[in-house]
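Please walk me through this structure in plain terms. I would like to know how its parts are placed against each other.

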Amino acid sequence: MRARTLWESFGFAFAGLRYAWRTQRNLRIHGAITALVIALAGLLGFDPLRWAILLLTIAMVWTAELFNTALEAVVDLVSPTFHPIARIAKDVSAGMVLLCAVAAVLIGLALFGPPLWALGARFR
């Protein structure tokens with residue numbers, strides 16, 4: 001179905017986000033981690049560059065998870081029974097999310113490590 005108005009397009013987009021949030025456990029896990037990371041960045045007083053990197057990293061992981069959800073739905077639609085190529089598509093898509101999540105952890109270590117290390121040094 002094609003959106004007739006811009007507002008209807010936004011409605012479809014929010015419906016997709018709601019669907020993914022309700023049905024995808026891993027997206028809810030990403031949500032919890034996102035909330036903790038944003039709170040910690042606020043407490044540490046991240047500068048604008050660190051915030052930009054952090055927000056882009058969060059968007060990367062969420063986008064990968066949403067893309068994975070969409071791809072899995074399409075694969076299930078076109079291949080309702082098991083097929084080895086359908087499995088490859090789903091596995092590769094899950095691998096994409098894993099790669100993004102690992103990259104996010106490494107970026108998080110680079111962003112949070114120095115300020116946390118400095119904070120720890122103040123208490124020694």
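**A walk through the model**

Phe46 is buried, with a relative accessible area of 8%; buried means under 20% relative accessible area, exposed means over 50%, and partly exposed lies in between (1.4 Å probe, protein chains only). This is a predicted model, in which local features need pLDDT of at least 70 and side-chain atom pairs count only at pLDDT 80 or more, while totals for chains, interfaces and linings use all residues. Residues are numbered from 1 along each chain as its sequence is written, and side-chain values use heavy atoms, with hydrogens and water left out.

The aromatic rings come next. A pair of aromatic rings is described by the distance of the centres and the angle of the planes. Rings of Phe, Tyr and Trp (its six-membered ring) pair if their centres lie within 6.5 Å; planes under 30 degrees apart count as stacked, over 60 as edge-to-face and the rest as tilted. The structure holds 4 aromatic pairs. One of them joins Phe46 and Trp51 edge-to-face, with 6.1 Å from centre to centre and 70 degrees between the planes. Trp51 is partly exposed, at 24% relative accessibility. Phe46 also pairs with Phe112, and this pair is tilted, with centres 4.8 Å apart and planes at 40 degrees. Phe46 lies in the loop between helix H2 (25-44) and helix H3 (48-78), and Phe112 lies in helix H4 (residues 84-122), so the pair ties together parts that are 66 residues apart in sequence. Helices here are DSSP runs (H or I, at least four residues), numbered from the N terminus. Both Phe46 and Phe112 are buried. Through these ring pairs, Phe46, Trp51 and Phe112 are linked into a cluster.

Arg50 also takes part in the surroundings of Phe46. The charged end of Arg50 sits over the ring of Phe46, 5.7 Å from its centre; for this, NZ of Lys or CZ of Arg must be within 6 Å of the ring centre and within 35 degrees of the ring normal. Arg50 is partly exposed, with a relative accessible area of 23%. Arg50 forms a salt bridge with Asp47 as well, the closest N and O atoms being 3.9 Å apart. A salt bridge is a side-chain nitrogen of Lys or Arg within 4 Å of a carboxyl oxygen of Asp or Glu. Asp47 is partly exposed, at 36% relative accessible area.

Leu111 is found in helix H4 and counts as buried, at 6% relative accessibility. Leaving aside neighbours within four places in sequence, Leu111 is in contact with Phe46, Arg50, Ile53 and Leu54, where contact means heavy atoms within 4.5 Å. Ile38 is in helix H2 and is partly exposed, with a relative accessible area of 34%. Apart from neighbours within four places in sequence, Ile38 is in contact with Trp51 and Ile58. The C-alpha atoms of Ile38 and Trp51, 13 residues apart along the chain, are separated by 8.9 Å.

The structure holds 4 salt bridges. In one of them, the side chains of Asp76 and Lys90 meet at 2.5 Å, N to O. This pair links distant parts of the chain, with Asp76 in helix H3 and Lys90 in helix H4, 14 residues apart. Asp76 is partly exposed at 41% relative accessibility, and Lys90 is partly exposed at 25%. Another salt bridge joins the side chains of Arg87 and Asp91 (3.4 Å, N to O). Arg87 and Asp91 both lie in helix H4, 4 residues apart, about one turn of the helix. Asp91 is partly exposed, with a relative accessible area of 45%.

Thr69 lies in helix H3 and counts as buried, at 10% relative accessibility. Not counting residues up to four places away in sequence, Thr69 touches Tyr19 and Gln24.

Phe14 is found in helix H1 (residues 6-23) and is partly exposed, with a relative accessible area of 48%. Leu6, Trp7, Phe10, Phe14 and Leu17 form a nonpolar patch on the surface, with about 600 Å² of accessible area together. Patches are made of residues with over 30% relative accessible area and no salt bridge; like charges are joined within 9 Å, and nonpolar side chains (Val, Leu, Ile, Met, Phe, Trp, Tyr) within 5 Å. Accessible areas come from the Shrake-Rupley method with a 1.4 Å probe, and for residues only the protein chains shown count as cover.

How values were computed
Helix = DSSP H or I, 4+ residues; strand = E, 2+ residues; numbered from the N terminus.
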